[in-house]
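Subject: Structure handover

Hi,

Here is the structure I promised to pass on. My notes on it follow below.

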Amino acid sequence: MGILTLSEKIYWGVFYMHRKTAVITGGGSGFGREVALQLAKKGTNLSIVDISEENGEEAVRLCKESGSDAIFIQADVSKVEDVKRYVAQTVEYFGKIDLFFNNAGISGSGVRTVECSIEEFNAIVDVNLKGVFYGLKFVISEMLKTGGGVMRRSNCKYCFTGRIGWNTYPGRIFSNKTCCYWAYKGYCRRVWKGKYQN
Ligand SMILES: NC(=O)c1ccc[n+]([C@@H]2O[C@H](COP(=O)([O-])OP(=O)(O)OC[C@H]3O[C@@H](n4cnc5c(N)ncnc54)[C@H](O)[C@@H]3O)[C@@H](O)[C@H]2O)c1
């Protein structure tokens with residue numbers, strides 16, 4: 001599409017997001033909620049998936065206030081059955097999935113490797129690694145039925161590689177606003193390309 005002016009970007013952003021269906025895991029707070037609200041303003045249907053009912057319901061309320069249709073699905077992304085259910089419920093309600101923000105994640109305590117409990121390590125792997133894979137597997141299966149879609153993962157280079165002296169995710173590096181901007185920008189860019197990307 002070449003280099004776009006600001007007004008062209010806004011036009012194409014609105015055009016492509018309108019009536020698309022987005023699944024956002026971890027949509028109850030942080031990046032997930034902010035991306036949901038930005039998409040809601042563009043008329044995107046939203047399926048907010050979160051383990052926290054309170055946060056998820058609040059995100060849905062805010063999305064509806066912005067004029068989009070939104071549903072909350074309480075699910076734990078580290079459980080295969082929950083992932084299958086949030087995919088099935090989204091398709092049942094909205095008919096398809098166009099966008100997937102595979103965002104739910106947990107931060108570790110940031111302690112050193114020797115101090116990290118096995119339980120904490122396993123919980124991080126279950127949510128941040130297995131949960132992401134389950135989401136990809138079952139959402140891609142649905143997207144392929146309707147010709148493709150767009151997906152984005154919130155990630156951090158330290159999530160699995162770690163930093164010297166740190167075992168678990170060390171915490172926030174950028175402000176939410178900055179990260180939301182990049183997450184959202186990633187969405188738009190991929191939608192403009194109109195391509196299925198894994
Ligand atoms: N904050 C940062 O600086 C930063 C940087 C890079 C990447 N990330 C990643 O971005 C993602 C979102 O970060 P955030 O700062 O918005 O976090 P956050 O804690 O504000 O939001 C995460 C959301 O995920 C939900 N969640 C947690 N475990 C879940 C589970 N098992 N199933 C379903 N939902 C679950 C939480 O309830 C919460 O609503 C995470 O994956 C994080 O690792 C964050």
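Helix α2 (residues 30-41) lies across β1, β2 (45-50), β3 and β4. Its direction runs at about 165 degrees to β1. Helix α3 (residues 53-65) also packs on the sheet, where it touches β2 and β3. The direction of α3 makes about 170 degrees with that of β3. Helices here are DSSP runs of H or I with at least four residues, strands are runs of E with at least two, and both are numbered from the N terminus. Axes are lines fitted to C-alpha atoms, for helices over the stretch in contact, and angles run from 0 to 180 degrees between N-to-C directions.

This is a predicted model: local features need pLDDT of at least 70, side-chain atom pairs count only at pLDDT 80 or more, and totals for chains, interfaces and linings use all residues. Residues are numbered from 1 along each chain as its sequence is written.

Now the sheet. It is open, has five strands in the order β3-β2-β1-β4-β5, and pairs in parallel. β3 and β5 (150-153) stand at the edges with a single partner strand each, so one side of each has no neighbour in the sheet. The twist averages 15 degrees from one strand to the next. Strands pair if DSSP finds at least two bridges between them. Strand β1 (residues 21-25) and strand β4 (residues 99-102) are joined by three bridges. Valine 23 has phenylalanine 100 of β4 as its bridge partner.

Next, a helix pair. α4 packs against helix α5 (residues 118-145) at an angle of about 30 degrees, with the axes 9 Å apart. That makes the two roughly parallel (angles under 35 degrees). From α4, the contact uses Val80, Val83, Lys84, Val87 and Val91. From α5 come Tyr134, Gly135, Phe138, Val139 and Glu142. Contact means C-beta atoms, placed from the backbone, within 7 Å.

Is lysine 79 buried or partly exposed? It is partly exposed, because 16 other C-beta atoms lie within 10 Å. The cut-offs are 20 or more for buried, 12 or fewer for exposed, and partly exposed in between, with C-beta atoms placed from the backbone. Its C-alpha atom is 8.3 Å from that of tyrosine 134, 55 residues away along the chain.

Overall, the protein chain has seven helices and five strands. Of its 198 residues, 36% count as buried.

Best wishes

Note on methods: Angles under 35 degrees count as roughly parallel, over 145 as roughly antiparallel, 65 to 115 as roughly perpendicular and the rest as oblique. Two residues are in contact if their C-beta atoms, placed from the backbone, lie within 7 Å.
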